[in-house]
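Please walk through this model with me, one region at a time. Keep the sequence and the coordinates open side by side.

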Amino acid sequence: MIPDKETKIEKDASQEGKYGSFAMFDITHFFNRTLKNWYWFVMMFIIGYIISWVYTKYYAQNVYASNLSLSVSNNTASYFTPNQSINFIWGQGGNQDGIYLKKMLLSRSHNEFLVKELELFVNYSTKGVIKSTYLDKDDVPVLIEVDKKHLQQVEYPITLIPKGKNQFEVVLPDDGHSANLYNYETEGFTTIKPYDRPENRIIEIGEWFTAPNLRFRLLKNPVTPKIDLQNIIVNLSTVNKAVNDIISTISVDFDKEINTIMIITKKGYNLNGTVNFLNKSVSQLQKKRQADKLIVDKNTNAYLQENLDKIRKKLDSSAYVLNYMKSTEKLYDIKDRDEKSLNKIKELESKKADIESKISSLDQIRRTLVSQNFDKMISTSAAGFQDGFFSATVSELKDLYLKRREMALIYKPNSEPMVEISKLIRDAQTNSNEVLKNYYRNYLEEIGKINRQVMETNSDLDAYPEKERKYLDAERGYNMIEATYNSLLSRQNETQLKIAGNQSDITVIDPAKNLGQSPIGPNIKAVKAGIIGALLILPLLFIVAGVALDTKIRNIKELLSATRIPLLGVIGNNDNETMLTVLEQPKSSVSESFRGIRANMRFLSGSDGGSKVILVTSSIGGEGKTYISINLASVLGLSDKKTILLGMDLRKPKIFGDFRIDNKYGISNYLTGEVEMSQIINKTKIPNLDVATSGPIPPNPSELLMSEKNIRFIQDLKKMYDFIIIDSPPVGLVADSYELMKYSDTNIYVVRHEYTEKYMLKIITEKYHNGETGNLGLVYNDYNTKQGYGYGYGYSYGYGYFDEDKNYKAPLLIRIRNKVRELFNKK
């Protein structure tokens, strides 16, 4: 990296633009800083492990899951299935019943029914020293019966402590009693007058506990719990919250091979609670579905019976007319009857009668929809079809009408909620009407087709006499009414069989059971990894932010890559109290580094034997240029070279203190003509080293340094000394040093480790590569070897080689590295 004096550095435009530009993120510094702060990561790991252990041991609630599988019969759709959403049904032709049954299981109305029926708004738990555990009703010795007519405070923990002999102490919180109470009948809140905190007291099983914000009594649990509890904590919740909590923990899936088999999963903090809920939920669903089907079938039976009565009268009348014609007109034995054509017409008209009966049922269904009298709805089987989509649409309409009536008590007719629900009703009406229209269209097309076939067949009977044709028409009319009657009678028989053998269309295959299933959550490993990982990331983020925002020079390789300026040497950290390291510790590695700089300077200044002027500068104060100047001058003086050190930083004199020289007269006095040259040159302990201090701070330091007298002063000194070391002002603050560089043979720019700002090197780098500053070299000062990485160039000897460093102990990482190298280098 030390070029010869004549060496030219070729550069193009792209290179020139990069000079002085440092990387935004120093990877090497990042890794070194991470290794340096290893103890933070160890500390965060330990803290994270402790936190995760405490959390999983005392705070994490185990989540359990139980499953129930059931089979759904096809074509058993019920109009009364609550809250069926068309969005879940549309396009589901393969398993329509299962799809809307899934929606039913997840519906609010079904789960609200369960919450109220099973009083699932009462939650039980118990608390140990730290951790709370959720309980099922089967786990507690007593159950709470809430007086729903009394206002109750929800989310207000009630602690029951067993006192023996069927007695329990009711312990309420010290504070938190509220005047905003919940009404379980109206499912709304009511505010009462402020009241004092209710007192704790002991009550017996069956005794009512009454307070302004609570009223309940204890009932003995018919199920004997398996564990003894020190306390039972009861929390009441609103019906709405209980329903939402339940719905959020239920999932319904279909078997991949048989799509009519449903698998229902319930998650919860208590395994018994999930098992009991699933079994009770499906049991209630079966009862509800069975009752719904029974209502529809009874309505259908009544409708069919009414139509049968009407058709019976028509059938009797038609039979009378036919018998009259037989007896009076003697037409019962028509010669040459075309039995084939007559049988075909009879068959076609029987089909037509059946279709017309179905159309009549369609009319009845349509009229029921228009009248919104859903309790009188008949089964679609009476109309000859089973359509899950239509059933779901009717169910949705039923719910929407009910909801609109409820909302009408709260909102105005033209309010946004009323407009929105009216739109949903219109959409549902349109969907249901479209289904009916499709069946109407299909039936009418079939009737038209039958009529055409009858007309074709009738053409074969035109040859009969008029009386015989009248008889045949009467006979055909009777057959058609009889066919309608038989069709209705057949459907009524089917309906009556359904009523007699009414069963739920839901069959439980595998009920939910407590088999000691392991909890499905939380994922302890993931929780531990998350907590520990999050804490480990914290110091890493601080380090990343610190490195990204860091603008200090910390990396020698990056410095040389960015500046392309030769490196003369690296100076280690000075732990001496003074700056006279070379004089006081001549055998130290730092002193040897200065000797290396002395040797490397000849590559810049050449070796023509003449006197050399060496200028030392830096970006700002505090980077060690005076320290470098003093010790470089000391090294040259000790090498039998006549050397003088000039303190030309007139604004901030420093040199005199370390050499214990009086700074009363110095270079500033000489340049102003107050003293002679001989009066400012001072001798030092080194015979070949003299020092000229700065002197008092002048009012015009720049003018003095740039004066002709100062130039002549340097020229005169060149005749007297082999080396002239100039401690000049920092170039980042003033431009004096740039002018002095015109008269120097070698220019040394001091960069201090972790002190010099990167942007400060921009100007000197540009001047160097533009040729404005020649014979320039860098000295990297105050390098900290404990970073764990090195570079070389006068610093490669290592501590411990010199006498002053014999007690030096290398950093741990360096010692480990050396041990590894020894192992691999063994022969």
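This is a predicted model: local features need pLDDT of at least 70, side-chain atom pairs count only at pLDDT 80 or more; totals for chains, interfaces and linings use all residues.

How confident is the predictor? The average pLDDT of the chain is 81. A score of at least 70 is reached by 84% of the residues. Two stretches call for caution. Residues 1-11 have a pLDDT below 50. Beyond near neighbours in sequence, that stretch makes 24 contacts in the model. Residues 787-806 also stay under 50. For residues 787-806, the model has 48 contacts beyond four places in sequence.

Now turn to a sheet of 3 strands. Its order is S4-S11-S10, and the sheet is open. The pairing is antiparallel. Which strands lie at the edges? They are S4, residues 142-146, and S10, residues 208-211. Each of these edge strands pairs on one side only. On average, neighbouring strands of the sheet are turned by 25 degrees against each other, with direction ignored. Strand S11 covers residues 214-220. It runs antiparallel to S4, and 5 bridges join the two. Val146 has its bridge partner in S11, namely Phe216.

A second sheet has 4 strands. The order here is S13-S14-S1-S15. This sheet is open too, and its pairing is antiparallel. The edges are S13, residues 250-254, and S15, residues 506-510. Each edge strand pairs on one side only. Neighbouring strands are turned by 30 degrees against each other on average, direction ignored. S13 pairs with S14, residues 261-268, in the antiparallel sense. There are 5 bridges between S13 and S14. Within S14, Ile264 is the bridge partner of Val252. Strands of a sheet pair in this way through backbone hydrogen bonds, either parallel or antiparallel.

Next come the aromatic rings. How many aromatic pairs does the whole structure hold? A search finds 11. One of the pairs is formed by Tyr39 and Trp40. Their ring centres lie 6.0 Å apart, and the planes make an angle of 40 degrees. The pair is tilted, because an angle under 30 degrees would count as stacked and one over 60 as edge-to-face. Tyr39 is partly exposed, at 38% relative accessibility. Trp40 is partly exposed as well, with a relative accessible area of 38%. Elsewhere, ring pairs link Phe121, Tyr182, Tyr184 and Phe189 into a cluster.

Ser744 sits in the loop between helix H24, residues 736-740, and strand S22. Is Ser744 buried or exposed? It counts as buried because its relative accessibility is 11%, and the cut-off is under 20%. The side chain of Ser744 makes a polar contact of 2.5 Å with the side chain of Asn747. Leaving aside neighbours within four places in sequence, Ser744 contacts Val613 and Leu615. Asn775 is 31 residues away from Ser744 along the chain, yet their C-alpha atoms are separated by 8.8 Å.

What does Glu757 touch? Not counting residues up to four places away in sequence, the list is Thr551, Lys552 and Ile553. With Lys552, Glu757 makes a polar contact between side chains, at 2.9 Å.

How values were computed
Residues are numbered from 1 along each chain as its sequence is written. Side-chain values use heavy atoms; hydrogens and water are left out. pLDDT is the predictor's confidence in each residue, from 0 to 100. Contact means heavy atoms within 4.5 Å. Two strands pair if DSSP finds at least two bridges between them. Axes are lines fitted to C-alpha atoms, for helices over the stretch in contact, and angles run from 0 to 180 degrees between N-to-C directions. A polar contact is a pair of N or O atoms within 3.5 Å; within protein, one must be able to donate a hydrogen and the other to accept it, and residues adjacent in sequence count only if both atoms are side-chain atoms. Rings of Phe, Tyr and Trp (its six-membered ring) pair if their centres lie within 6.5 Å; planes under 30 degrees apart count as stacked, over 60 as edge-to-face and the rest as tilted. Buried means under 20% relative accessible area, exposed over 50%, partly exposed in between (1.4 Å probe, protein chains only).
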